[in-house]
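Thank you all for coming; I would like to take a few minutes to walk through one model with you. Please have a look at the sequence and the fold first.

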Amino acid sequence: MTEATKNSVTLVKAIQEGNACIRIIGKISCPQYLSSNKLDSSITDISGISRKNLGDDSYWNMIDISGKSNITVEGVGDDAEFFQFGMTFKKCSSIEVRNLTFTDYPEDACSFEGSSGAQDNYGHYWVHNNKFNKGKNGWDLTSEQDKG
């Protein structure tokens, strides 16, 4: 998967389907909002990316993966990067994220959510050999603003 193929191969759908190994080559970018409340048109948007206003918080530029297993997202080479977006794995298992750089993500770079029910079987997460640069969400004016 590359910047040029992120929508023809459909990055979001490939990750959301589960039972897959997605290899990232180079920098893949997602636009953020400019101060004029318009998406930065110099970057091609990623089809299927989540953007939600939750009232006192926002949830921007995230790939949501729910209830899936056996997913590997790996960077190939030293320049594999997610720029201005991240991933949330909800109630997933057997997930590996490796060899990626995360930069200027407006929400979380890589997050995991489960359930408090004792019968739930979520887990087996491997996150290694990644670089997490500082997030960036300067246009978010909500009370829960957590990026500088």
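I will begin with the overall architecture and then turn to the aromatic side chains.

A word on conventions: this is a predicted model, in which local features need pLDDT of at least 70 and side-chain atom pairs count only at pLDDT 80 or more, while totals for chains, interfaces and linings use all residues. Residues are numbered from 1 along each chain as its sequence is written, and side-chain values use heavy atoms, with hydrogens and water left out.

The protein chain holds 1 helix and 10 strands, where helices (H or I, at least four residues) and strands (E, at least two) are DSSP runs numbered from the N terminus. Read from the N terminus, the order is α-β-β-β-β-β-β-β-β-β-β. Of its 148 residues, 45% count as buried, that is, under 20% relative accessible area, with exposed meaning over 50% and partly exposed in between, using a 1.4 Å probe and protein chains only. If we take contacts (heavy atoms within 4.5 Å) with a separation of 6 or more, residues 24 or more positions apart account for 62% of them. The chain exposes about 7600 Å², of which carbon and sulfur atoms supply 46%, the areas coming from the Shrake-Rupley method with a 1.4 Å probe.

Now to the rings. A search of the whole structure finds 5 aromatic pairs, and here rings of Phe, Tyr and Trp (its six-membered ring) pair if their centres lie within 6.5 Å, with planes under 30 degrees apart called stacked, over 60 edge-to-face and the rest tilted. Phe89 and Phe112 are stacked, because their ring centres are 5.4 Å apart and their planes are at 15 degrees. This pair links strand 5 (residues 86-90), which holds Phe89, to strand 8 (residues 110-113), which holds Phe112, 23 residues apart. Phe89 is buried at 0% relative accessibility, whereas Phe112 is partly exposed at 30%.

What does Phe112 pair with in strand 9? The partner is Tyr125, in strand 9 (residues 123-128) and 13 residues apart from Phe112. Their ring centres are 4.4 Å apart and their planes at 40 degrees, so this pair is tilted. Tyr125 is likewise partly exposed, at 30% relative accessibility.

Elsewhere, Phe82, Phe85, Phe102 and Phe132 form one aromatic cluster. Finally, Lys27 lies over the face of Phe83, at 4.1 Å from the ring centre, the criterion being NZ of Lys or CZ of Arg within 6 Å of the ring centre and within 35 degrees of the ring normal.
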